[in-house]
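Dear colleague,

Please find below the structure for your review.

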Amino acid sequence: MLIELASLEEARGEFSHTYQPADLTLDDDRVTLCGGTEVQGRIRRSGTEAIVDGHLDGCVQVSCDRCLKPIQIPLISDFSLEYITGSDYEESYTAELTEDAMSVSVFDGETIDLDEIVKEQLLLAVPTRSLCKIECLGICPQCGNDRNTGDCGCEQKVVDPRWSALKDLMNGKS
């Protein structure tokens, strides 16, 4: 969905859209939409600059980091983005890359792609670690069975081979 800045009345406008899972392709194979994702907000234009404030409410499916089971995570995110044209960016930020410069996005001065904003905000809101439950036991590193469903019978004591020389020294072997 493109927002055309020329069509904004009095340099202001509001937007609201619901994305279905088939509407967006996220650039991360680990994350998929699991339901409707609602985005709403306001856009203001001042000269060649545009400011987008919005709210995102959706749900994504990821894999548990320990057992790899799919889990659904509700995501709620508020965002505020500043857009300037490429020529304004070059004039303003040529000397030094500052933190303020990193929070600014460059656009063509005519349209803002809401789809790209939603994709970015969804991926930023996904936690870096996701667990199906806090006490998740994960998968057995030897046989690959899910240890949450029962004991696989594999011996869990694995000695790191890098320490074998020290173990031999402790046992009096040379």
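Is Lys69 buried, partly exposed or exposed? With a relative accessibility of 34%, Lys69 counts as partly exposed; buried means under 20% relative accessible area, exposed over 50%, and partly exposed in between (1.4 Å probe, protein chains only).

Before the remaining findings, two remarks on the basis of the work. The model is predicted, so local features need pLDDT of at least 70 and side-chain atom pairs count only at pLDDT 80 or more, while totals for chains, interfaces and linings use all residues. Residues are numbered from 1 along each chain as its sequence is written, and side-chain values use heavy atoms, with hydrogens and water left out.

A search of the whole structure finds four salt bridges, each defined as a side-chain nitrogen of Lys or Arg within 4 Å of a carboxyl oxygen of Asp or Glu. Three of them are described here, among them the following.

Lys69 pairs with Asp146, the closest N and O atoms being 3.3 Å apart. Asp146 lies in the loop between helix H3 (114-125) and helix H4 (164-170), and Lys69 in the loop between strand E5 (49-63) and strand E6 (70-85), so the pair ties together parts that are 77 residues apart in sequence. Helices (H or I, at least four residues) and strands (E, at least two) are DSSP runs, numbered from the N terminus. Asp146 is buried, at 16%.

Asp53 forms a salt bridge with Arg44, at 2.7 Å between the closest N and O atoms. Asp53 is buried at 17% relative accessibility, whereas Arg44 is partly exposed at 27%.

Within helix H3, Glu116 and Lys119 are three residues apart, about one helical turn.
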